[in-house]
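These are my notes from an afternoon of looking things up in one structure. I wrote each entry as I went.

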Amino acid sequence: MKKLKWDKKLCTGCRVCESICAFSHEGVINPILSRIRIAPLGKYEETQKSTICQQCKDAECVKACPTDALKIDIKKGYVTFTEDDCIGCSACVEACPFSAIFMHPEKNTALKCDLCGGFPKCVEHCLSGALKVIEY
Amino acid sequence: MTKYGGYCGKILRINLSSGKITKEDLSDSLLRKFLGGNGLGISYLFNEVKKGVDPLSEENKILIFTGPLNGTVFPSTSKIGVFTKSPLTNGFTDSYAGGHFAAELKFAGYDGIIIEGKSEKPVYIYIHNENIEIRDASKIWGKINSDTKSEILNELNDHQVRVASIGPSGEKLVNYANINFDGTHWAGRGGNGSVMGSKKLKAIAVRGTGCNINIADKEKFEQLITDYYKKIKENKTLSEVLSKYGTTTATRANNSMGILGTRNWQTEVFKGIEGISAEAIDEKLYEKALACFSCPIRCMHYSEIKEGPYIGTRNIGPQYETVYSLGSLCCNSNSNIIAKGNEICNEMGIDTISTGVSIAFLMECFEKGLLKEEDLDGLSLNFGNEESFIKMVEKISQNEGIGKFAAKGVKIMSEEIGKGSEKFAIHMKGYELAGHSVRGYKGMSLGYATSPRGGSHQDMRHLPERSGEFDRTNCEGKAKLVFDVNSTTAIRDSFTYCTMIEGVVGRVGIDSKHVDLINAVTGIGYTVEELQKVSERIYNLERCFNVREGKDRKDDTLPSRFMNEPIPEGPSKGMVTTKKELDTMLDEYYQIRGWNTNGIPTKEKLDSLDLQEAAKEVL
């Protein structure tokens, strides 16, 4: 399987990952539409907290999903999401142990990291090298 | 509302006297005419803060504006502008801060905020999407900036709120107090923090999730992002040097050229350079590189003092300007002392540049015997006296003792002391000089003399001359150079983007790169000529604001030191900008600008820029 790996020591808190995720998936910029979330910590924001989909092999979100919108795709190496099949029940949001799946505030469908089909935009634009794709 | 991309199309107007909060639409015609950021800032300030207003009175206003690029994913577009009438200069001042506040305000749905009136009691403003509140700030009044932010985040129970605040120095009305953003950035210069303090406004807190930023031409925008990321990756300074050293490599670079401000600019070569070099600061202080919203350059640093009397002091920076003003200018060769001074300034909320220049001025007064220990609260204020230096920074930040005098700035101090001290009061229009030489660059000499805010290195830029692209020893062609650089800096501060990518977008004159970028985001469809007009409109209106306050050619001048005392040593020995040279450059500059020989914009010029109303008021 594949997933995003985030290095806390290299992350600068710039949140380009959030912006490019929102823009490439939704065509507009608003961090609330991003599938990856970075929040500042510390008195001088010297450290960050990340919320990233772990593309779990035995994903709880997949088990919770009543419609098969979420599926573990062994061939692709990650948990896929089909928006057309999503009924907006948000059971996945409740089920995820990392709180890494969100609901689109207008469309009421899940915001789920799809690794941009294998070449994540966030990794491409992370010049500090904090984000990488790894096999696990 | 607006049809243009990038903007929210709305601003907030908050009156602290009446408590009234209104949401105002921004028309397409206003946006096309003034663009954003700097443009909107001067447009509203000129119309609403009239001649003769006392900067610390109810009639002054604080304007905070973003531009259409803020909150998009274009690299290095984090800067928010603060515009007001300066208590330091009694003229126009603008100052820009990085961080995440600009983006958060856009995601909340507002392009800007106008703050007017005055509150009876300390308050802070909380903006959460559609919901705006004026809240009691009595519990946080008196707190330093980072504590102010922590308290507000706890009170609102939301650690993703962004906070702009003043420290105790703004509350105490130090002439060069500033506004902190996110605890990590500062709209550093011009005394905007005191204007906020005079209104008893402690902070503005923003949380924004409700507004999506739209892009007019998504395909073109995506292509531009790819192009600029490529350019940034290929540029060693942008991709590596800045993230390791911040801007501190400028210290040694300037010293090597013999143009590093030292000993109150008595000389421009510093013997203690090793202690304050980029390598020293990286080794002794910098812990981690951090970044503003949407910026891959990551030039800011979290730092910690690891030895000596101030061990354990944590803060952001110092960056180059602070290394100059608190370092070589005061003959401090210990970077830990600079870091401690930096921390006091940052937490209390005062401009490190004006603080350092003010202390250096007093050091020279002490050196020359114009002031004695008993005049200085018992301090032996020698150049390089680290203990006295730190005590001075503390006193200024508290606006007490001799600090109360220093807090007025070098112009007022030298006027009150007299005895020839005016000759080494290092300011233009009352605004203390930044860390780039006057004598060392003919172009900067003209740029500093004519900058609307004063001794600022951000209206004219030093880089075209420092790089060698233009000959810094020669006055010829400098009027045109200053005009061209002014044009791009006005655009930079209106889009807005950061000085760090100025070179990549284009620093000398507006061209198709600027136009392509703004059109891709907004869809306005500017030509180069129209964008050039926008930048001239902005600059001329800033000039009109100052003219209305009685400023003209006589104020476009330089400190006596730089016109009469050549650089005494080093690689730039002998350089000086004489009054004759300045006058020649001024004549040429005014002509290019379309101003009369007294530096006043002509009616023809203002009419051509659609500033007829300003012409009627000012001419």
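Entry 1: I looked up P318(B) and found it in the loop between β15 (314-316) and α11 (320-325) of chain B. The model is a predicted one, so I am reading computed geometry throughout. The peptide bond that joins G317(B) to P318(B) is cis, with omega at about 5 degrees. T496(B) belongs to the loop between α19 (478-495) and α20 (502-505) of chain B. I noted both bonds because most peptide bonds are trans.

**Entry 2: positive phi.** Most residues other than glycine have a negative phi. I looked up W265(B), which is not a glycine and has a positive phi of about 65 degrees. W265(B) sits in the loop between α9 (249-256) and α10 (278-284) of chain B. Is W265(B) buried or exposed? Its relative accessible area is 0%, so I put it down as buried, the cut-off being under 20%.

In chain A I checked E45(A), another residue other than glycine, and its phi is positive, near 55 degrees. The loop that holds E45(A) runs between β2 (37-41) and β3 (47-51) of chain A. E45(A) has 9% relative accessibility and therefore counts as buried too.

**Entry 3: a lysine in a loop.** I moved on to K573(B), in the loop between α23 (560-564) and α24 (579-593) of chain B. Is K573(B) buried or exposed? Its relative accessible area is 61%, and exposed means over 50%, so K573(B) is exposed. Leaving out residues up to four places away in sequence, I found that K573(B) touches I567(B) and P568(B). I also looked up its distance to V269(B): the two C-alpha atoms are 9.7 Å apart, while the residues are 304 apart in sequence.

**Entry 4: a sheet.** Next I traced an open sheet of six strands in chain B, with the order β2-β1-β6-β3-β4-β5 and mixed pairing. Which strands stand at the edges? They are β2 (21-25) and β5 (92-97) of chain B; each has a single partner strand, so one side of each has no neighbour in the sheet. On average, neighbouring strands of this sheet are turned by 20 degrees against each other, direction ignored.

I looked at one pair in detail. Strands β4 (residues 80-85) and β5 of chain B run antiparallel and are joined by six bridges. In this pair V82(B) stands opposite S95(B) of β5(B). Helix α2 (residues 37-48) of chain B lies across β1 (10-15), β2, β3 (62-65), β4, β5 and β6 (112-116) of chain B, and runs at about 155 degrees to β3(B).

**Entry 5: two helices.** I looked up how α22 (residues 528-548) of chain B meets α24(B): their axes come within 12 Å and cross at roughly 120 degrees. That angle makes α22(B) oblique to α24(B). On the α22(B) side the contact is made by E536(B), Y539(B), N540(B) and R543(B), and on the α24(B) side by Y589(B), Y590(B) and R593(B).

**Entry 6: chain B overall.** Of the 619 residues, 68% count as buried.

Definitions and conventions. Residues numbered from 1 in each chain as written. Chains lettered and ligands numbered in written order. Predicted model: local features only at pLDDT ≥ 70, side-chain atom pairs only at ≥ 80, totals over all residues. Heavy atoms only, no water. Helix = DSSP H or I, 4+ residues; strand = E, 2+ residues; numbered from the N terminus. Buried < 20%, exposed > 50% of the residue type's maximum accessible area, 1.4 Å probe, protein only. Contact = heavy atoms within 4.5 Å. Pairing = 2+ DSSP bridges. Axes fitted to C-alpha atoms, helices over the stretch in contact; angles between N-to-C directions. Parallel < 35°, antiparallel > 145°, perpendicular 65-115°, else oblique.
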